[in-house]
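Subject: Structure handover

Hi,

Here is the structure I promised to pass on. Please open it first, then read my notes below.

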Amino acid sequence: GAEKNLKNPLGADFSKGTLELGKKKFDIYCSVCHGGLGAGDGPVAEKMLLRPPSLLSDKVKAFSDGRIFHIVTDGQGVMGSYLTQIQDEKARWSLVNYVRTLQKRSAAN
């Protein structure tokens, strides 16, 4: 798919500024469904017919950065696009990097 050609321009950028931007967008747009730490347990998740996936699963960990960026940008399944909410491309890549830190944190526990 299209995500194969998407290379994360912030791939190695786990600086405080990048992660703060990613966390800010995650807390506003993602945590309500995916949960504060990405486990798929957000406050509206239990009310949904199709529960949002945990972002900490091996399946999602195996996704390329480009695939996660593509899902945020264009949506997937019942999840709609967040392009209008997160118009800044750098912010969407920062969000990808923040999700990676959540995945690393969960692996360490």
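I will start with the largest pocket. Helix α1 gives the most to its lining, with 6 residues. This helix covers residues 16-34. Other helices take part too: α1, α2 (58-61), α3 and α4 each supply at least two residues of the lining. Bear in mind that this is a predicted model.

The volume of the largest pocket is about 620 Å³. It is lined by 27 residues, and those closest to its centre are His34, Pro53, Leu55, Ile71 and Met79. By class, the lining of the largest pocket holds 20 nonpolar, 5 polar and 2 charged residues.

Now to a pair of helices, α3 and α4. Two packed helices are described by the angle between their axes and the distance between the axes. Helix α3 spans residues 65-74, and helix α4 spans residues 89-108. Their axes come within 10 Å and cross at roughly 125°. The two helices are therefore oblique to each other. The crossing of α3 past α4 is right-handed.

Which residues in α3 and α4 meet? On the α3 side they are Asp65, Gly66, Ile68, Phe69, Val72 and Thr73. On the α4 side they are Glu89, Arg92, Trp93, Leu95, Val96, Asn97 and Arg100. The contact of α3 with α4 has 6 nonpolar, 3 polar and 4 charged residues.

To look at both topics together, begin with α3 and α4: each also supplies at least two residues of the pocket lining.

Best wishes

Key
Residues are numbered from 1 along each chain as its sequence is written. This is a predicted model: local features need pLDDT of at least 70, side-chain atom pairs count only at pLDDT 80 or more; totals for chains, interfaces and linings use all residues. Side-chain values use heavy atoms; hydrogens and water are left out. Axes are lines fitted to C-alpha atoms, for helices over the stretch in contact, and angles run from 0 to 180 degrees between N-to-C directions. Helices (H or I, at least four residues) and strands (E, at least two) are DSSP runs, numbered from the N terminus. Angles under 35 degrees count as roughly parallel, over 145 as roughly antiparallel, 65 to 115 as roughly perpendicular and the rest as oblique. A crossing is left-handed if the near helix is turned anticlockwise from the far one by less than a right angle, and right-handed if clockwise. Contact means heavy atoms within 4.5 Å. Ala, Val, Leu, Ile, Met, Phe, Trp, Tyr, Cys and Pro count as nonpolar, Asp, Glu, Lys and Arg as charged, and the others, Gly among them, as polar. On a 1 Å grid over the protein atoms alone, a cavity is a set of points where a 1.4 Å probe fits but cannot get out, and a pocket is an open set with protein on both sides within 12 Å along at least five of seven lines; lining residues have an atom within 4 Å of a point. Grid points are joined across faces, edges and corners, and a volume is the space filled by probe spheres set on the points.
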